[in-house]
Amino acid sequence: MARKVILFIAMSIDNYIADDQGAVDWLEKNVHGTESDDSYEKMYSKIDTVIMGRTTYEQVTQKLSPEKYVYADRQTHIVTSHLGEDTDTIKYWKQSPVELVKRIQKEKGKDIWIVGGASSGPSYRCISKKTN
């Protein structure tokens, strides 16, 4: 069976993921009461691969967690026209995200998480139609 492709994002009701400066701290400011949500942890335990665009990668590594790469325990693929130097766990991809997902789905492994922002969403929506 092909590996599932998951788009798991937090978004405001008016379709925003980050504010004008790229910050996502609004997510924590809007938590009220004692409710807990373990959906992220459950999703994260089912994946071994993350795919994101360069803008999201830079936000994660420069703004959200500059001291430690938060997805270091997963294989990362960065879809970008600005290729960087590949490492054991971080690979850069210049071609179509659809082709990348098709290639990864042929490999053995757990599910694949699309870590995306506003510009990547439309590109990845067509993946499920083409690969599932």
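Reader: How many aromatic pairs does the count come to?

Author: A pair of aromatic rings is described by the distance of the centres and the angle of the planes. Here the count comes to nine aromatic pairs, where rings of Phe, Tyr and Trp (its six-membered ring) pair if their centres lie within 6.5 Å, and planes under 30 degrees apart count as stacked, over 60 as edge-to-face and the rest as tilted. One of them joins Tyr 44 and Tyr 71, a tilted pair with 6.2 Å centre to centre and 35° between the planes. This is a predicted model, in which local features need pLDDT of at least 70 and side-chain atom pairs count only at pLDDT 80 or more, while totals for chains, interfaces and linings use all residues. Residues are numbered from 1 along each chain as its sequence is written, and side-chain values use heavy atoms, with hydrogens and water left out.

Reader: Where in the chain do Tyr 44 and Tyr 71 lie?

Author: Helices (H or I, at least four residues) and strands (E, at least two) are DSSP runs, numbered from the N terminus. Tyr 44 is in helix 2 (residues 39-45) and Tyr 71 in the loop between helix 3 (54-64) and strand 3 (75-79), 27 residues apart.

Reader: Which kind of pair do Tyr 71 and Trp 113 form?

Author: Tyr 71 and Trp 113 are edge-to-face, at 5.4 Å centre to centre and 85° between the planes. Trp 113 lies in strand 5 (residues 111-115) and Tyr 71 in the loop, so this pair ties together parts that are 42 residues apart in sequence.

Reader: Is Tyr 71 buried or exposed?

Author: Buried means under 20% relative accessible area, exposed over 50%, partly exposed in between (1.4 Å probe, protein chains only). Tyr 71 has 8% relative accessibility and therefore counts as buried; Trp 113, at 3%, counts as buried too.

Reader: What is the strand order of the open sheet?

Author: Two strands pair if DSSP finds at least two bridges between them. The open sheet has five strands in the order 1-5-2-3-4, with parallel pairing. Strand 1 (5-7) and strand 4 (90-93) stand at the edges with a single partner strand each, so one side of each is left without a neighbour in the sheet. Strand 2 (residues 47-53) and strand 5 pair over five bridges, and Ile 51 has Ile 114 in strand 5 as its bridge partner.

Reader: Which strands does helix 3 touch?

Author: Contact means heavy atoms within 4.5 Å. Axes are lines fitted to C-alpha atoms, for helices over the stretch in contact, and angles run from 0 to 180 degrees between N-to-C directions. Helix 3 touches strand 2, strand 3, strand 4 and strand 5, and its direction makes about 110° with that of strand 2.
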